[in-house]
Amino acid sequence: MMAINIQDSTLLPLQEKIVHKNTTARAIELVILSLLVSLLVFRVLSFKDQDHHLPWLLALLCESWFTFNWILVMSTKWNQCSTKAYPERLLNRISESEFPAVDVFVTTADAILEPSIITMNTVLSLLAVDYPANKLALYLSDDGCSPLTYYSLVETTKFAKVWVPFCKKYNVKVRAPFRYFTPETTPLEDDSLEFQQEWKKMKNEYGDLYKKIELAAQRPIPCDRNSDFADFCDVHRSDHPTIIKIISENKEGNPSDLPHVIYVSREKSSKHQHHYKAGAMNVLTRVSGIMTNAPLMLNLDCDMYMNNPQVFLHAMCMVFGFKNEEECGFVQFPQAFYNGLKDDPFGNQLANLYYLALGICGIQGTFYGGTNCFHKRKVIYGSSPYDTIKSDIENEDLRKIFGKSIKLQESAAQILSRSNVKIESQKRPSSFVEEAIRVASCKYEYGTAWGTQIGWMYGSATEDILTGLTIHGKGWKSVMCTPEPPPFLGCAPSSYPSANVQQRRWATGLLEILFTNKNPLLLTIKGNLWFRQALAYIWLSTWAIRSIPELCYAILPSYCIITGSHFLPKINEPMFVILGCLFVIYNLYVLWEFRRLNLSFRMWWNLQRMGRVTSMTAYLFACLSVIFKILGLSNVVFEVTQKEESNDDDDSGRFTYDTSPMIVPGVAILLVSLTALVSGMSRLGEVGFGEMFCSVLVTLCFSEYLKGLFGKGKYRIPSSTIWKAGGVALFFVQLCRRLP
Ligand SMILES: O=c1ccn([C@@H]2O[C@H](COP(=O)(O)OP(=O)(O)O[C@H]3O[C@H](CO)[C@@H](O)[C@H](O)[C@H]3O)[C@@H](O)[C@H]2O)c(=O)[nH]1
Ligand SMILES: [Mn+2]
């Protein structure tokens, strides 16, 4: 009887695909599509009857784009799936000693924008994860080359020696101390006395660590050539040799010790491009390839702490749970935020993309999101699911792909030729520091395939999407895994200017992808990217382009009011009914989606509004950045977003402004719309109802800017911005009046 039970439980699947029914949504989407198409047909048919052809033509072009975009969205949402993992079944299948090793990468780039204490909490949470410690190595990449980060990591590792056993002994749920020891929490009365004592001790020790790091942040660490910090003397963050330091080593291979902890600051030089985060990831991949060569790699942004100690087990269910290897090229966990502002006033928390995300999982699998992702090393090394196991790769080929380091070539050959689990984990990373320093140098990648065929891909500020696309292009599928509680939590930008900068970077990076040799259409034709997956990638990479039709559509009402022309039908025309239905059905549909996700009405409005505002500001600048890049006039830079521990400020959702030119077009549109409304009021008989209504809508979308015109201090839009926008608006109004 016993035997049969065990048999049964080993047969139960480790993961299961769940199909989400969406018949109603599909029907509504089809209705919206048919309305859009009828609208276009009406536009074309009534073109010649118009007195003013220009606005009619522009409206037609914009609506064509919106229809195209809608088709992409529909195609992406059509089949919705998710995958559920059963970690409790894992140990029936494989013993802990057979678990594969995992190299964990955390990247940080700036100890001021990314306060060390946040990064260190991420490190602490990861060191305490439920997974045998002798299978783990944690690499911290520091693109800021900051002695503070190094010092913090040393101190943090000391604290981890008490923190990790504490977490494991009491099965602590939240293993990032800054979230565990919030001012409100105290141990429960019915907890054991021993626990209460240890809890207090731990809280004090964390308090000490916190103070040490804070103090070190205030006073620069003195340069002492005989100390551990000698390497950091007189270095500049963008010009320095590689620094690699083994902070803790699990020499005995003891599963309950600490994992290896390794600090890496790659060489930088003003003469060589460093490719921002993608470059850092490639260095980590090579350094870890030399030192530990784990078959799996988990990568995390410095602010994404581990919030669910079981997350590795969930990931293993995906790694081992598919009969067919190609089903799982990488395992992505969702990005969620602990400091998310209520109702998402800046529209940057992506909650509204939920159904799109389910839809992508129903095609070839989720996008790679840059963090919270388990990659297979062999996939990152460029293997495709159709490769047969290679046992004799030519050394010459290895050199061309992986570079000169023989040790790296050997480790890569091992990864590409063996099945994942069999690779023994390395106990002494410290024996390979010299070689690791060599592969972390600026020049190492020249004449190799790093960044073009293997590793993290170069050429886009959103290296994550480009890298995921490359993997899908090889024919791999990917899996999204969504355990509860959310496995990783990070910081969302909490001020309007930094949210805007992030949106511009994303839209820029996404658009850059279209101009690389990994353009989704090319990969469908020449590679193994599925057609509908390509459509999903095209939807994503054209965020920036959306700015042009959105901008144009937002100006049309004002233009028409000022010039006395029309881009919308009159109330008594049949086409007006189509437009009206489209407007009502589309908005109700989106609202219904929000309600199903338990998102508030306010959030719906915020995201509708910010969708328009961001398109016309950040995305417009993204378009310009890409044009400048193509013309060779400037390069795209990765501006790191500011991270904060928490924002308990009451005014945290309010808009603040800096002197960035990005909002100038937004303010200009607002001013033009206001002018048009005023001028329209005085001629109500002449101007169309539709045009007036749309002008009001545009003004409402920019209502925050309207407040910003009259705000005080940091809540006020800077005068220089208002003047510039005023100039643009005046020019536009004059232009309208002069046009024939
Ligand atoms: O030169 C650099 C620049 C950035 N980073 C790191 O990259 C990560 C992401 O930077 P962040 O400013 O937080 O950007 P986000 O927009 O929040 O990041 C999202 O978008 C990025 C692509 O634009 C992805 O790389 C990220 O993984 C994804 O979370 C952080 O850990 C940084 O330390 C580096 O290591 N080196
Ligand atoms: Mn981030």
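Strand β9 (residues 330-332) pairs with β11 in the antiparallel sense over 3 bridges, and within this pairing the bridge partner of Phe330 in β11 is His375. The model described here is a predicted one.

Strand β7 (residues 296-301) also pairs with β11, in the antiparallel sense and over 4 bridges, and here Leu298 stands opposite Phe374 in β11. The two pairings of β11 are set out below.

| Strand paired with β11 | Residues | Sense | Bridges |
|---|---|---|---|
| β7 | 296-301 | antiparallel | 4 bridges |
| β9 | 330-332 | antiparallel | 3 bridges |

Strand β11 itself spans residues 373-376 and is covered on both faces, with Cys373 and His375 buried on one side and Phe374 and Lys376 buried on the other.

Helix α3 (residues 53-77) packs with helix α20 (residues 547-563) at an angle of about 150°, their axes being 9 Å apart. Because angles over 145 degrees count as roughly antiparallel, α3 and α20 are therefore assigned to that class, and α3 passes α20 in a left-handed crossing.

On the α3 side the contact is made by Leu54, Pro55, Leu58, Ala59, Cys62, Glu63, Trp65 and Phe66, which meet Pro549, Glu550, Cys552, Tyr553, Leu556, Tyr559 and Cys560 of α20. By class, this contact of α3 with α20 comprises 13 nonpolar and 2 charged residues, with no polar ones.

Key: Residues numbered from 1 in each chain as written. Chains lettered and ligands numbered in written order. Predicted model: local features only at pLDDT ≥ 70, side-chain atom pairs only at ≥ 80, totals over all residues. Heavy atoms only, no water. Axes fitted to C-alpha atoms, helices over the stretch in contact; angles between N-to-C directions. Parallel < 35°, antiparallel > 145°, perpendicular 65-115°, else oblique. Left-handed = near helix turned anticlockwise from the far one by under 90°. Contact = heavy atoms within 4.5 Å. Nonpolar A, V, L, I, M, F, W, Y, C, P; charged D, E, K, R; others polar. Buried < 20%, exposed > 50% of the residue type's maximum accessible area, 1.4 Å probe, protein only. Pairing = 2+ DSSP bridges.
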